[in-house]
Amino acid sequence: MNWLEYENKAYESGFEIVCGVDEAGRGPLAGPVYAAAVILPKGHIIDGVNDSKKLSEKKRNLLFDKIIDECVCYSIGTAGVREIDEINILQATFLAMRRAVEGLSVNPDIALIDGNKRPGLAMAEWEIIKGDAKSANIAAASIIAKVSRDRYMLEMAEKYPEYQFEKHKGYGTKLHYEMIEKYGISPIHRKTFLKKLLQK
């Protein structure tokens, strides 16, 4: 497994500063969509970094701190539930990605994007399907985005305890649907994701 294959291709193509970009939270019924952009030092792999979905919560939290310590810089961007409902989840994801990249303290020459679509950045973009399992920079970004969003949802669990966000982080689990049926929707629910329930 060559975690630097795409990074090396970028360097060989003449790009000097490479960032990885990934999102977390496209699928949930509640909460913002998060994106992170990470620039690792050239040739650097952080031991243990992998697609965030393949790691335990404990491991993600440990790696989160390690990535922040070892990266050149990182940035987090979000798009809120109102934006998701207004422009749709795909466009909101792209917005969060653009905000993440624009927030970097070092300007990259190229962004490696997880997925098969480009968010429309002001630089070269290479989209990589399953990039969070192929690129060191994207994998690092996937962990930063996932941990950041999970921590936000834990804060929302304290604000709206009846929904038990600490258990499902806003995803459409059986428990979550039961809580929505019982208590209705909260200000952090995505109305466009709950059209059928709202029509009842």
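Okay, ground rules. It's a predicted model, where local features need pLDDT of at least 70, side-chain atom pairs count only at pLDDT 80 or more, and totals for chains, interfaces and linings use all residues. Numbering runs from 1 along each chain as its sequence is written, and side-chain values use heavy atoms, with hydrogens and water left out.

So, the fold. We've got 8 helices and 5 strands, counting DSSP runs of H or I with at least four residues as helices and runs of E with at least two as strands, numbered from the N terminus. The order along the sequence is α-β-β-α-β-α-α-β-β-α-α-α-α. The C-alpha trace spans about 55 × 35 × 30 Å along its principal axes. Of the 200 residues, 50% are buried, meaning under 20% relative accessible area with a 1.4 Å probe, protein chains only. As for contacts, meaning heavy atoms within 4.5 Å, 65% of those with a separation of 6 or more are between residues 24 or more positions apart.

Now, Ser135. You'll find Ser135 in the loop between β5 (124-128) and α5 (136-159). Is Ser135 buried or exposed? Buried, with a relative accessible area of 0%. And what does Ser135 touch, leaving aside residues up to four places away in sequence? That would be Trp3, Glu7 and Leu112. The Ser135 side chain also reaches the backbone nitrogen of Asn137 at 3.4 Å. Last one: from Ser135 to Gln199 is 64 residues in sequence and 43 Å in space, C-alpha to C-alpha.

Terms used:
A polar contact is a pair of N or O atoms within 3.5 Å; within protein, one must be able to donate a hydrogen and the other to accept it, and residues adjacent in sequence count only if both atoms are side-chain atoms.
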